[in-house]
Amino acid sequence: MAPFDVSVWSSWVSYLVFFLIGLGFGATLEMSGFGDSRRLAAQFYLRDMTVLKVMFTGIITAGTLIFLSTAMGWLEFDRVWVNHTYLFPGIVGGLIMGVGFIIGGFCPGTSIVATSTLKIDGAVFAFGVGFGIFLFSETVHLFEDFWTSSYMGRFTIGDWLGVDAGVALVLVVLMALVMFYGGEIAERFFGQNIPWKNIRLLPSSTPKIAAASALVVVALIVAGMGQPTLADRWKRVAKKAEKQLAERSVYVHPGEVVELSSNASMYVTVLDIRNESDFNLFHIMSARRVDLERTADPEFLRSLTKLPDNNVTFVISNGEKNATAAWKNFVAFGLANTYIVEGGYNKWLEVYPPDECVTSKREKRPGDTEESLQYAFLQAVGARDYAAHPSCACKEYPTDCFLASHPELPQRPTIRHNPHVPKIEYERKVKIKAKKKISGGCG
């Protein structure tokens, strides 16, 4: 499923593909006349609307194909980079760029196109862009609070209007077509000086009408199909994922979690899928508590895509049921390097037993489920017990009961290893896969 992983190619093949894409994009801009500052500046005087028509044609065509692909399950839109929104800095930056555009006749990308065809004005503008970037980098600390203000994250038109992506697509396509229509009328009136009474207002180009109609029809089809839910996406990966669960290849022994957590070259994230009460009783050091329902929240899932490339995410609950349900959501969303802690906390506490005065294993009682904690805690220790970080030589705040039963130890925080850590053997199952992410932006 796209986005495609180009990391499997050799470096020179990847660079060649990127070069050809850039060459094609630059050639398209040049053939559209974007290497001519006069044509670009004419946009602001409503005399030549080529910039609007070419750029918005690209936008609505790409948008239609992207969301058609996501609706059909060919593309995962959540793994496609969308520039994050900083509202007020974005508005100010757009105004500054607009002024520079009309004064110089170029934007950064088109100045490179002009430079490549040896246009002096394009080269001067490109030099100015580079110098401006240098000045910005040297002065941004003076207004950094404003520069990072009004952050809205990954904010799309659909989010703004509160509608499905397909509906937003239809609205954008219709808006673009209205702009095309108005742009051509403006070109005749301002560019060709045709009197208003002689301007034909109704569209007359059959190819343009056919293309516009086809685009609207496809956009309506996309809106009708809707975007896939997490349940839809699970169905597409269920066969492979269910096989992994059946073979238990994604259930990782607590010992491997401890081993990787102490590995300085790894970034380990532990998501604790339990209620707040059980979490407060005991949890793995640095674990992050998350309600099971939230693991299906797209915003939360997107936040996990920002973790480092060397990250491994472990999901844990008291047993395996809730952790497995959360893992299914992560896999359906396309998150890489996600595993389930085998046996949950019930097995963790068996492998790494806490102080005996803190907890002990209890008998199974009527009403217990797979997610019932099988240990009775006399007090809530959170991550303060040795069992929360077996391999870490950390500063400890021993429990009162532990100090009472070990009067020979210092009665203050001290650094020591867990004396209960057994030497265990287990099958290593974690295999780091390269994260697939598409990033980019407009030049």
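1. Helices and strands in this note are DSSP runs, helices being H or I with at least four residues and strands being E with at least two, numbered from the N terminus. Just after helix H5, Leu 118 takes a positive phi of about 65°.

2. The model is a predicted one, in which local features need pLDDT of at least 70 and side-chain atom pairs count only at pLDDT 80 or more, while totals for chains, interfaces and linings use all residues. Residues are numbered from 1 along each chain as its sequence is written, and side-chain values use heavy atoms, with hydrogens and water left out.

3. Helix H5 itself covers residues 108–116, and Gly 109, Thr 110, Ser 111, Val 113 and Ala 114 within this helix are buried, where buried means under 20% relative accessible area, exposed over 50% and partly exposed in between, with a 1.4 Å probe and protein chains only. The cover over these buried residues of H5 includes helix H1 (11–31), helix H2 (37–42) and helix H6 (120–139).

4. The largest nonpolar core holds 52 residues, and those with the most contacts inside this core are Phe 282, Phe 314, Phe 330, Trp 348 and Phe 377. A nonpolar core is here a set of buried Ala, Val, Leu, Ile, Met, Phe, Trp, Tyr and Cys residues joined through side-chain atoms within 4.5 Å. Helix H15, residues 321–333, gives the most to this core, contributing seven residues. A second, separate core has 13 residues, among them Leu 52, Val 172, Ala 176 and Phe 180.

5. When its neighbours within four places in sequence are left aside, Phe 330 is in contact (heavy atoms within 4.5 Å) with Leu 271, Thr 295, Phe 300, Leu 301, Leu 304, Val 315, Leu 335 and Thr 338.

6. How do helices H11 and H15 pack, and at what angle? Helix H11 (residues 230–247) packs with H15 at about 115°, the axes lying 8 Å apart; axes are lines fitted to C-alpha atoms, for helices over the stretch in contact, and angles run from 0 to 180 degrees between N-to-C directions. The two helices are therefore roughly perpendicular to each other, on a scale where angles under 35 degrees count as roughly parallel, over 145 as roughly antiparallel, 65 to 115 as roughly perpendicular and the rest as oblique. H11 passes H15 in a right-handed crossing; a crossing is left-handed if the near helix is turned anticlockwise from the far one by less than a right angle, and right-handed if clockwise. The residues of this contact divide into nine nonpolar, three polar and three charged, with Ala, Val, Leu, Ile, Met, Phe, Trp, Tyr, Cys and Pro counted as nonpolar, Asp, Glu, Lys and Arg as charged, and the others, Gly among them, as polar.

7. Helix H9 (residues 165–191) and helix H10 (residues 206–225) have axes that come within 7 Å and cross at roughly 165°, an angle that makes H9 roughly antiparallel to H10. H9 passes H10 in a left-handed crossing. The residues of the contact include Val 170, Leu 177 and Glu 184 from H9, and Lys 208, Leu 215 and Ala 219 from H10; by class they divide into 13 nonpolar, one polar and two charged.

8. Helix H12 (residues 254–261) packs with helix H16 (residues 344–351) at an angle of about 75°, their axes being 9 Å apart, and this makes H12 roughly perpendicular to H16. Pro 254, Val 257 and Val 258 of H12 make the contact with Lys 347, Trp 348 and Val 351 of H16.

9. Is H16 enclosed or open, and which of its residues are buried? Six of its eight residues are buried, so H16 is largely enclosed by the rest of the structure; the buried ones are Gly 344, Tyr 345, Asn 346, Trp 348, Leu 349 and Val 351. They pack against H12 and against strands E4 (267–272), E6 (311–316), E7 (338–341) and E9 (375–377).

10. Asn 311 has its place in strand E6 and is buried, with a relative accessible area of 5%. Apart from neighbours within four places in sequence, Asn 311 is in contact with Tyr 267, Val 268, Thr 269 and Asn 337.

11. Pro 89 is found in helix H4, residues 87–104, and counts as buried at 12% relative accessibility. The C-alpha atoms of Pro 89 and Thr 148 are separated by 7.5 Å, although the two are 59 residues apart along the chain.
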